[in-house]
Amino acid sequence: MTPKQDTIYAEPNQQIDKFSFDVNVAGVFDDMIKRSIPGYSTIIQTIGDMAYKFVKPETNVYDLGCSLGTATISLRRNIQHPNSRIIAVDSSQSMIERCYENINAYKSSTEVELICCDIRDVDINNASMVVLNFTLQFLDPSDRRALIQKIYNGLNPGGVLVLSEKLKFNDEIIQQHLDSQHLDFKRANGYSELEISQKRTALEDVMRTDTLETHQQRMNECGFQHFNIWFQCFNFASMVAIK
């Protein structure tokens, strides 16, 4: 089924509400992501590739902030052990409902448990893989270290965390250049200046990005000794940490 086109910010609004993962966003999320995040399809495919390599028998796999289940489906297609289980979590009921429909469209022996709750409230245990795909940046910065620590504690030795995020940069010239590249990407995908501007306003104080150095320090403080970027396009990156 062709994704519904994202036109949420296509008309001028007197007041821009804070961005939320409500029923309107859930309805166009696939289109929004593909037109907004460069390299997204590569990240999703590689998450599946990593599942093939890292997921062990009789372990749990967590997709924290699963939205419509794109990463969950990639995980599910590549897990080789029928006795492994995916736990997909999102705080948006609208996202969970659509995720349920998407998951059920694919047959697999791998069980998927969908949970509608705040990812900060989920217990992580017996995990061979955890995915945070453009999720951490929407949490209050003061809560991020505790979540990463919980993930580290719940991962089995040799387990992997895949963390995808929009990055910010200490070098203002680099920041401006990569922001400009990203805006050109969105324009090339059909977004108008009005849409770009209104969405930027909606995301203020909702999505707060970290530098790579902040991610590195946080991972090290929580116990991860093996951490690095495996993919970057403009100001979007996906990182891997192995326990």
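## Aromatic pairs

In this predicted model, the count comes to 7 aromatic pairs, where rings of Phe, Tyr and Trp (its six-membered ring) pair if their centres lie within 6.5 Å. Phe19, at 8% relative accessibility, counts as buried, while Phe21, at 28%, counts as partly exposed (buried means under 20% relative accessible area, exposed over 50%, and partly exposed in between, with a 1.4 Å probe and protein chains only). Ring pairs also link Phe19 and Phe21 with Phe29 and Phe138 into a cluster.

## A pair across the chain

Phe21 is partly exposed at 28% relative accessibility. The rings of Tyr40 and Phe134 have centres 6.3 Å apart and planes at 35°, so they form a tilted pair. This pair links distant parts of the chain, 94 residues apart, with Tyr40 in helix 2 (residues 40-54) and Phe134 in the loop between strand 4 (127-133) and helix 5 (141-154); helices (H or I, at least four residues) and strands (E, at least two) are DSSP runs, numbered from the N terminus. Both Tyr40 and Phe134 are buried.

## Charges over Tyr191

The charged end of Arg35 sits over the ring of Tyr191, 3.9 Å from its centre, and Lys186 lies over the face of Tyr191 at 5.7 Å from the ring centre (a charge sits over a ring if NZ of Lys or CZ of Arg is within 6 Å of the ring centre and within 35 degrees of the ring normal).

## Basis of the values

Residues are numbered from 1 along each chain as its sequence is written, and side-chain values use heavy atoms, leaving out hydrogens and water. Because the model is predicted, local features need pLDDT of at least 70 and side-chain atom pairs count only at pLDDT 80 or more, while totals for chains, interfaces and linings use all residues.

Notes: Phe/Tyr/Trp six-rings, centres within 6.5 Å; stacked < 30°, edge-to-face > 60°.
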